[in-house]
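Biologist: Please bring up the model. I have some questions about packing and pairing.

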Amino acid sequence: MSERAYSDFELSAIQEIGNIGTGSAATALSQLVGRQIDIDVPQLELVSLADAADEIGPPESEVMGVLTPIMRDFAAGLLLVFPVGSAEVLCGMLGVDAYDEMGRSCLQEIGNILTSSYGTALAQMTGLDIEPAPPMFAYDMLGAVVDAVLAMSATSEQVLFMKTALHIEGQHCDFGFLFVPQEGAVGTMLAALGMA
Amino acid sequence: MTAATRHMARMGEAVVSAAPGDLLVALGLGSCIGLALIDPAAGVAGLVHIVLPQANASAATAPAKFADTAVPHLLQLVTRAGAREPRMHAVLCGGAHMFTSQTAGNPVMAIGARNAQATLDALAARRISVRAKDVGGTVGRSVEVDVETGSVAVRGVGQQTRKL
């Protein structure tokens with residue numbers, strides 16, 4: 001076992017960035033759907049690659065995933081994981097069918113909105129220049145949807161990511177929101193906060 | 001007689017068995033590769049869940065994670081369990097391109113294809129014959145290896161199970 005990559009102090013700084021970013025993203029979603037959004041307290045996971053997928057959900061469950069890469073000063077992935085039932089509810093609230101092209105566009109747009117507000121919060125806190133790329137879509141088994149994203153962060157023995165869940169008030173709609181910094185990104189963020 | 005076991009190979013893990021009835025399983029392979037090495041005559045099989053094409057500094061403690069180190073690692077495990085290299089063959093699946101977008105050239109997109117190629121290269125370097133492969137495309141896969149028969153079953157969401 002290698003020594004720990006991050007101190008508790010550093011982890012709590014990353015956690016706080018996640019809290020603020022997620023709050024900002026939830027506000028944006030709330031404005032879009034006109035309902036209150038409840039957020040689970042974001043959890044920072046520092047786990048082995050083998051455990052990482054299980055932390056997110058059952059590997060064979062069917063999900064729709066929207067991945068928005070963040071670029072420029074550091075690289076990260078923001079991944080929304082919608083269980084198919086929740087994707088149906090959310091698309092229904094916006095008047096589209098989850099399973100056609102409109103549904104896919106709608107979920108990608110939600111990814112865009114959440115990532116933009118999360119990214120803006122992140123940029124304001126750190127002073128770093130970041131830019132979201134266009135969102136990408138996948139409809140498949142959870143394991144297959146998350147593995148490439150985890151692989152990109154898996155250059156050390158452990159994977160660091162932040163996960164939370166968003167719930168739309170009064171609806172059976174709950175989905176996962178993951179922030180996965182890629183290699184070197186955490187160091188860049190900590191340095192920008194004057195901690196590295 | 002012990003009950004048959006399902007051995008799970010999660011990301012970056014390798015499993016091996018010589019017990020009749022046992023299954024080796026990898027669930028939800030996207031860009032990852034499920035590589036099976038099978039010696040049917042010995043009734044031995046191994047399965048590794050490969051994540052990235054080329055080894056980096058963590059390869060020493062996590063050889064199963066990278067295509068170029070996973071092949072010799074799995075070969076060693078199945079050989080120890082009684083398999084013999086001349087009788088051995090490989091079956092691989094996975095290496096899909098999961099996310100679609102207008103933007104080309106994102107490194108996330110290329111991992112699947114690179115994983116598949118690196119695995120095939122590593123097998124060729126050890127002169128292990130590939131009996132079957134089911135790689136690429138845009139659909140995730142789950143794979144199950146029957147240790148006793150050496151048969152490999154692959155399925156994706158909304159697809160029929162394919163025997164390899």
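**Helix crossing and strand pairing**

Modeller: Helix 2 of chain A passes helix 5 of chain A in a right-handed crossing; right-handed means that the near helix is turned clockwise from the far one by less than a right angle. This is a predicted model, where local features need pLDDT of at least 70, side-chain atom pairs count only at pLDDT 80 or more, and totals for chains, interfaces and linings use all residues. Residues are numbered from 1 along each chain as its sequence is written, chains are lettered from A and ligands numbered from 1 in the order written, and side-chain values use heavy atoms, without hydrogens and water.

Biologist: Is helix 2 of chain A oblique or parallel to helix 5 of chain A?

Modeller: The axes of helix 2 (residues 49–56) and helix 5 (residues 142–153) of chain A come within 10 Å and cross at roughly 130°. Angles under 35 degrees count as roughly parallel, over 145 as roughly antiparallel, 65 to 115 as roughly perpendicular and the rest as oblique. Therefore helix 2 of chain A is, relative to helix 5 of chain A, oblique.

Biologist: Which residue in strand 8 of chain B is the bridge partner of B:Ala26?

Modeller: Strand 3 (residues 23–29) of chain B is mostly covered, with six of its seven residues buried (under 20% relative accessible area, 1.4 Å probe, protein chains only). Strand 3 and strand 8 (residues 141–146) of chain B pair in the antiparallel sense over five bridges; pairing takes at least two DSSP bridges. In strand 8 of chain B, the partner of B:Ala26 is B:Val143.

Biologist: Which residue of strand 3 of chain B is the bridge partner of B:His7?

Modeller: Strand 1 (residues 6–8) of chain B pairs with strand 3 of chain B in the parallel sense, over three bridges. In strand 3 of chain B, the partner of B:His7 is B:Leu24.

Technical notes
Axes fitted to C-alpha atoms, helices over the stretch in contact; angles between N-to-C directions. Helix = DSSP H or I, 4+ residues; strand = E, 2+ residues; numbered from the N terminus. Buried < 20%, exposed > 50% of the residue type's maximum accessible area, 1.4 Å probe, protein only.
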